[in-house]
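Here is a short report to read alongside the model. Keep the sequence and the 3D view open as you go.

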Amino acid sequence: MKGFKMVLVMGIILITMLAAIDCQAVDPFENNVGGVNGPNEIYLTVYPIFYSASKLKDNTGDVASNNLGAKLYQASERITYYNKSLFGNTIILTGILPVGKTELSGNSNTGIGDTTFLAGYWLVDDPSSGTYIAAGSYFDFPTGDYNKNRAANMGQNVWKFRPTVGVAKQIGGLDMELTFKYNMYTENKDTGTRAGNEMIVEGYTGYFVRPDLLLGAHLNATFGSDSHVDGEKIASTAVRLYQAGPSIMWISGKFSALVVGLADFDARNTAQGYTAYARLSYKLF
């Protein structure tokens with residue numbers, strides 16, 4: 001029975017990692033809102049994304065499988081509203097809906113994923129010194145397609161809450177941003193599993209080589225706790241993962257395009273692969 005539970009927990013962790021790659025890592029000008037100049041601004045953003053992983057790592061970092069067959073083809077649509085007039089500093093409200101196809105161990109699923117909502121407020125919003133500190137939370141709603149008998153699922157069948165603190169500092173053409181998230185999962189009632197909570201740290205540093213072109217680098221880390229099955233903690237199932245890679249962003253008037261490549265390394269209890277995505281954003285008004 002314990003072996004079955006371990007397999008079940010590993011499956012849930014893999015599904016979680018696939019569905020969680022929803023372009024919510026800190027990107028340039030996610031925490032730095034110096035570019036939001038009006039009292040109210042609305043942005044439409046699309047995130048095309050591709051994720052692939054063949055390796056499954058165990059709790060010691062050894063390869064448990066070289067034939068994982070994990071892939072994600074996804075486009076996330078995001079509407080973001082900024083308000084600078086209500087409380088003086090910036091407020092953000094945003095909604096994200098992913099649509100795509102995920103594959104895992106020869107199984108696949110196509111449809112919508114879980115919907116994300118974010119509310120936040122900049123405690124420090126000082127363009128004159130280029131200093132920004134924000135606090136808020138992401139909320140994930142289980143709107144995605146899910147079947148407990150299927151390995152690959154666009155939905156997770158759980159609620160997620162991510163209290164978040166973000167900081168940014170801009171010095172001339174240099175933009176430095178750092179985000180801390182604490183990811184909390186509810187129990188999947190269909191399987192009795194609850195993925196371990198995770199501390200996520202996301203860092204970005206970029207430099208404007210010219211006014212419309214920003215080159216940068218990303219470094220992310222995830223530190224999880226043990227998962228539970230039917231209320232029982234399963235030892236040595238905590239996820240650990242690091243990601244790093246470059247990015248380039250081009251800005252033209254109301255439009256900006258960001259392209260990012262991230263490689264996983266030193267994974268524990270999860271897939272190890274790579275991610276490529278773009279952030280295509282347009283200021284509606």
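The report covers one arginine, some strand pairings and the aromatic pairs.

This is a predicted model, in which local features need pLDDT of at least 70, side-chain atom pairs count only at pLDDT 80 or more, and totals for chains, interfaces and linings use all residues. Residues are numbered from 1 along each chain as its sequence is written, and side-chain values use heavy atoms, with hydrogens and water left out.

**Arg279**

Arg279 sits in strand β17 (residues 270–283). Strands are DSSP runs of E of at least two residues, helices runs of H or I of at least four, both numbered from the N terminus. Arg279 is buried, at 7% relative accessibility. Buried means under 20% relative accessible area, exposed over 50%, and partly exposed in between, with a 1.4 Å probe and protein chains only.

What does the side chain of Arg279 reach at 3.1 Å? It is the backbone oxygen of Pro28. The side chain of Arg279 also makes a polar contact of 3.3 Å with the side chain of Glu30. A polar contact is a pair of N or O atoms within 3.5 Å; within protein, one must be able to donate a hydrogen and the other to accept it, and residues adjacent in sequence count only if both atoms are side-chain atoms. Beyond its neighbours within four places in sequence, Arg279 has contacts (heavy atoms within 4.5 Å) that include Asp27, Thr45, Tyr47 and Met249.

**Strand pairing**

Two strands pair if DSSP finds at least two bridges between them. Strand β15 (residues 240–252) pairs antiparallel with β12 (residues 213–224) over eleven bridges. Leu219 has Ala244 in β15 as its bridge partner. Ten bridges join β15 to β16 (residues 255–268), again antiparallel. Trp250 stands opposite Ala257 in β16. The β15–β16 hairpin has two residues between the strands, and Gly253 takes a positive phi near 60° there.

**Aromatic pairs**

The structure holds eleven aromatic pairs. Rings of Phe, Tyr and Trp (its six-membered ring) pair if their centres lie within 6.5 Å; planes under 30 degrees apart count as stacked, over 60 as edge-to-face and the rest as tilted. Two tilted pairs are tabulated.

| Pair | Centre to centre | Angle between planes |
|---|---|---|
| Phe29 and Phe208 | 6.1 Å | 55° |
| Phe50 and Tyr274 | 6.1 Å | 55° |

Phe50 lies in strand β1 and Tyr274 in strand β17, so this pair ties together parts 224 residues apart in sequence. Phe29 is partly exposed at 23%, whereas Phe208 is buried at 17%. Tyr274 is partly exposed at 43%.
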